[in-house]
Amino acid sequence: MLRLAVLAGLPGPLFRPWWQTVVNRPYPVAEAYRSGQAVLLADAEASMRRFPQLAAGLPYPFGSLYEPLADGDDRFGVLMVLRPATPGRPVGPSDRRRLREAAARLSRELAGLSAAGVRVAWDDDPRCFQLPLLRPAPALAAAGRFSWDPAGPPPAELVAGWPAADLDGLRAAAGALVEGRAGRSYLLPVQGAQGQPATLELDRTDGGRVTGSLLAVAPGAAADRLPQAVIGLDRLARVRYVNRGARDLLGPEPCGHELWEALPWLGGPAHEDHLRAVWMSGEPVDFPARHPYGVWQSVALYADRVGVTVQLTPAERPVYAPGSVLGPGKGLGSPADRASALYRPISLAIALTEAVTAQQVSAVVTEELLPAFGGRQLAIYLLSEQHLHLAWETGFPAGFLDPFDGVGLDARLPGVETLTTGRPIFFESMQQLAAAYPGILLDASVGARAFLPLIASGRPVGSCILGFDAPRGFSPEERTVLTALAGLIAQALERAQRYDTEAALARGLQAALLPNRLPVLEHVDTVGRYLPGTQGMDVGGDWYDVITTGDGLLALVIGDVQGHGVAAAATMGQLRSAVRAFSLSGNTPQDVVGGTNRLLIDLDPGQIASCCYVLLDPATGTAQAVRAGHPQPLLRAPDGRTAVLDLPGGVVLGVDAEAGYPVTELVLDPGSVLALYTDGLVEQPGADIDDGVEQLRRALAHADPDQLADTADRLISKAGQAPDRPDDIALLLAARTA
């Protein structure tokens, strides 16, 4: 996991979805970390071409540069720089050099910390602070001079009551001055103890000290004469200035608060795209917003490197809200509106590629489509045998949609007619819907509805209903986008239906191949558990088995076929049958595993498998163990001491027909517990597998050997609660009784 540690010049809460990302995701920061090479994106076109997911999530005109932070074989992270876009002009050599030099300097600092025994990692929220600005000439009038050695703490009388973000910004600016060129000076916007804005003027002396002056911010009397409300924000979205009109709107002393605290009605998800757009691109943005008192405001944002100015002007309710806004002389909406509308299909399409079941597709539509258009209700019907059946709903009153479940294609309902005609149907109010379909049941008296046909490759799949809590118009652009999105949803649902059919077959195959019950023997208790993965078809190649041989011995087997799906489950069934046949024929453990290896090579399914085979004498507790590329078993002694066994093993099955598999002698005393497991139980993305084995060992050490079934449930419970489990899991416990 890559976690955002420092965010300078941007408000952290606006970018919370990007605070962390998995290193294997298709994002430029992850690619720079994985490849060790810089990623340079001059503009939105370059971002869209190389990283469509980034462009879909941040559809704004900006440039971004990514340089890995590494020292030798040690990789620490990535230095990311955001800057204005330069369409048609690539990143120049001087900018590349400066980026490399800054990353190299930072990497050396991190390497020094690592060598000193400091853990170079970040597990907290990102630290956010202002970026200093080069001081313009001539300098502003100075007052309150101070001198400071950056090696020590800043002057207490200067920084008393400062927020942490400004303290971080001061230290960063002072460090940059000490390391930078002679004669350089900075201006740093800060916030005093009472939330009053100020500007700090910083210079460097020859002795390595930093001198400065605290400058008051001009009151801005000229802006007080404007009828509009004007609010000045710094780059962290904190209110630093309000004119008279804004004070009338916000009330007393809004300075020092973040924008969404001073104006909570601007802090919802519907406006976050606009706010991110102005902070990232620097281009003006305007959009309508509704004050809680019902008054509409036209919100205009203007940004530079110092901060963002917000201008609020009373406005009429827009004809089309919220995506398409007619502004005087600006055409249909702001650039951010048009970019957002352009990228919505891309964002939904990318998310749909990762959804493989009908339920996952419906969840993606709920998460992506409803927020984008301000919807509150969603229903998806799927066509089966000339009838529409409800597959997913959210936001409707409980039971309201039940009468519409299973209706035929001859019913006069908008959800049916949109599919039979292939045309979307839009109602801007519930009165329009009631007038078009007299007698139809309505879940509300106020709102709007959109009925979209789900058609894939000319074949009807179903219909989708979007509901809105208030009357609203649907602009031509929105109707076009919604219709296009309906086609994407239909294709994903059609793919999901085929997948669900294959998955049901695979699950049935897997259930038939795993043992229904384990043999009950004197002196030995056995318990097995299996958990499917949560990605893909939820089926895989893990298996376990307990086999009673003809000479009174007990074979304990666990294995893992590489891959998932029907092929892995089928190969697992063949291997389980082979191990059982070899065991019942009286073969030695090495012959059982060696014969299974040769059989897998002869079958040539294009897969490999790992396996651990233990042949146990229940009466004496002696055992012979063979391991083929499988995780080491655990053995819990009667006194609770639990160890990871060190079994010498051979290569995985299916690679080398001449491979040898050495045998290790074991003894299970009465009260001992042997644990065999597959790697899905101990392996987690981004974590060392040895850490997972150690956690399992400690859990087994504290278990009660007399409650073997409860012990198995506890060992597997944490993995079972994980929402995202990429691999399936098998666990087999064997306890020797007195």
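Student: Which element gives the most to the lining of the largest cavity, and how many residues does it give?
Tutor: Helix H13 gives the most, with three residues. Bear in mind that this is a predicted model.

Student: Which elements each supply at least two residues of that lining?
Tutor: Helix H13 (414-421) and helix H14 (430-436) do so, as do strand S22 (448-456) and strand S23 (459-468).

Student: How many cavities of 30 Å³ or more does a search of the whole structure find?
Tutor: The search finds two. The largest cavity holds about 240 Å³ of space. Its lining is made up of 21 residues, and those closest to its centre are Leu401, Phe404, Ile440, Phe451 and Ile465.

Student: How does the lining of the largest cavity divide by class?
Tutor: There are 17 nonpolar residues in the lining, along with two polar and two charged ones.

Student: Which strands are joined to S22 by bridges, and how do they run?
Tutor: Strand S21 (residues 425-427) is joined to S22 by three bridges, and the two run antiparallel. Within that pairing, Phe426 has Ala450 of S22 as its bridge partner. S22 is also joined to S23, by nine bridges and again antiparallel. There, Ile455 stands opposite Pro460 of S23.

Student: What should I look for in the hairpin of S22 and S23?
Tutor: Look at the backbone of the turn. Two residues lie between the strands, and Ser457 takes a positive phi near 55°.

Student: What is the strand order in the open sheet of five strands?
Tutor: The order is S8-S10-S11-S12-S9, and the pairing is antiparallel. An edge strand pairs on one side only, and here the edges are strand S8 (133-134) and strand S9 (145-148). Elsewhere in the sheet, seven bridges join strand S11 (residues 197-204) to strand S12 (residues 210-216). One example is Leu202, whose bridge partner in S12 is Gly212.

Student: What span should helix H17 have, and how far apart are its end C-alpha atoms?
Tutor: The expected span is 1.5 Å times one less than the number of residues. H17 (residues 589-603) has 15 residues and should therefore span 21 Å; its end C-alpha atoms are 21 Å apart, which agrees.

Student: Which residues of H17 are buried?
Tutor: Pro589, Val592, Val593, Gly594, Gly595, Thr596, Asn597 and Leu600 are buried. Just after the helix, Asp604 takes a positive phi of about 50°.

Student: Why does Ser107 count as buried?
Tutor: Ser107 counts as buried because its relative accessibility is 3%, against a cut-off of 20%. Ser107 lies in helix H4 (residues 93-115). With neighbours within four places in sequence left aside, Ser107 is in contact with Leu69, Ala70, Asp71 and Phe76.

Student: Where is Leu668, and is Leu668 buried or exposed?
Tutor: Leu668 sits in the loop between strand S31 (664-667) and strand S32 (673-677). Leu668 is buried, with a relative accessible area of 1%.

Student: Which residues are in contact with Leu668, leaving aside neighbours within four places in sequence?
Tutor: The contacts are Leu616, Gly621, Leu635, Leu674 and Arg736.

Conventions:
Residues numbered from 1 in each chain as written. Predicted model: local features only at pLDDT ≥ 70, side-chain atom pairs only at ≥ 80, totals over all residues. Heavy atoms only, no water. Helix = DSSP H or I, 4+ residues; strand = E, 2+ residues; numbered from the N terminus. Buried < 20%, exposed > 50% of the residue type's maximum accessible area, 1.4 Å probe, protein only. Contact = heavy atoms within 4.5 Å. 1 Å grid on protein atoms, 1.4 Å probe; cavity = no way out; pocket = protein on both sides within 12 Å on 5 of 7 lines; lining within 4 Å. Points joined across faces, edges and corners; volume = space filled by probe spheres on them. Nonpolar A, V, L, I, M, F, W, Y, C, P; charged D, E, K, R; others polar. Pairing = 2+ DSSP bridges.
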